[in-house]
Amino acid sequence: MNDFSVTVRFPIQWSDMDAFGHVNNARYFTWFEAARIAYMIRVGLVSPEMRKPEGEGVGPIVAATNAEYLRPVVYPAELVVGARVTRIGTTSFTMEFAVEDANSGVRYARGGAVMVTLRYADHQKVAVPDAVRAAIELVETRVFE
């Protein structure tokens with residue numbers, strides 16, 4: 001997980017399992033979401049300000065997401081989910097995720113998302129704010145072209 005700027009830990013609950021005896025595929029998207037939100041809080045893109053109708057109200061919205069399941073997760077396990085940004089465009093950025101066993105480092109899944117910065121008041125795409133771009137570059141320790 002050293003390649004991922006933000007990580008979140010999850011203990012597997014018995015209720016995460018489905019009838020086939022492994023964690024249900026939909027659960028991975030919940031883990032990706034939690035890591036994505038932790039990342040966006042860190043770079044200032046998710047805050048109470050984005051919901052105020054009188055403010056700018058600029059925040060993220062998911063345009064696309066995907067997952068590749070490499071091996072099943074079964075109870076008991078503790079996972080670590082990583083998130084990083086790999087590309088910043090004008091009005092969007094691309095994220096990558098990974099799900100690993102917190103103890104052994106075995107990778108269970110990887111995924112991604114394309115996020116669009118949106119002005120919530122009128123549902124219009126807007127440029128990724130300069131402060132957010134700078135914060136992402138700081139977190140990722142690189143400059144995006």
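## Charges

Lys and Arg count here as positive and Asp and Glu as negative, with His and the chain ends left out. On that basis the protein, a predicted model, carries 15 positive and 17 negative side chains. The centres of the two sets lie 2 Å apart.

## Fold and dimensions

The protein contains 2 helices and 6 strands, in the order β-α-β-β-β-β-β-α from the N terminus. Its C-alpha trace spans about 45 × 30 × 20 Å along the principal axes.

Among contacts with a separation of 6 or more, 67% join residues 24 or more positions apart. Of the 145 residues, 43% count as buried. The accessible surface comes to about 8000 Å², and carbon and sulfur atoms account for 52% of that surface.

## Aromatic pairs

The whole structure holds 6 aromatic pairs. One of them is Trp-14 with Tyr-75, edge-to-face at 5.5 Å centre to centre and 85° between the planes. This pair links distant parts of the chain, 61 residues apart: Trp-14 sits in the loop between β1 (6–11) and α1 (25–42), and Tyr-75 in the loop between β2 (58–69) and β3 (78–88). Trp-14 is exposed at 62% relative accessible area, while Tyr-75 is partly exposed at 38%.

Phe-29 and Phe-32 also pair edge-to-face, because their planes stand at 75° with ring centres 5.8 Å apart. Both belong to helix α1, where a spacing of 3 residues separates them by about one helical turn. Phe-29 is partly exposed at 29% relative accessibility, whereas Phe-32 is buried at 0%.

Phe-10, Tyr-28, Trp-31 and Tyr-69 form one aromatic cluster.

Definitions and conventions
Residues numbered from 1 in each chain as written. Predicted model: local features only at pLDDT ≥ 70, side-chain atom pairs only at ≥ 80, totals over all residues. Heavy atoms only, no water. Helix = DSSP H or I, 4+ residues; strand = E, 2+ residues; numbered from the N terminus. Buried < 20%, exposed > 50% of the residue type's maximum accessible area, 1.4 Å probe, protein only. Contact = heavy atoms within 4.5 Å. Areas by Shrake-Rupley, 256 points an atom, 1.4 Å probe, with all protein chains shown as cover. Charge placed at Lys NZ, Arg CZ, Asp CG, Glu CD. Phe/Tyr/Trp six-rings, centres within 6.5 Å; stacked < 30°, edge-to-face > 60°.
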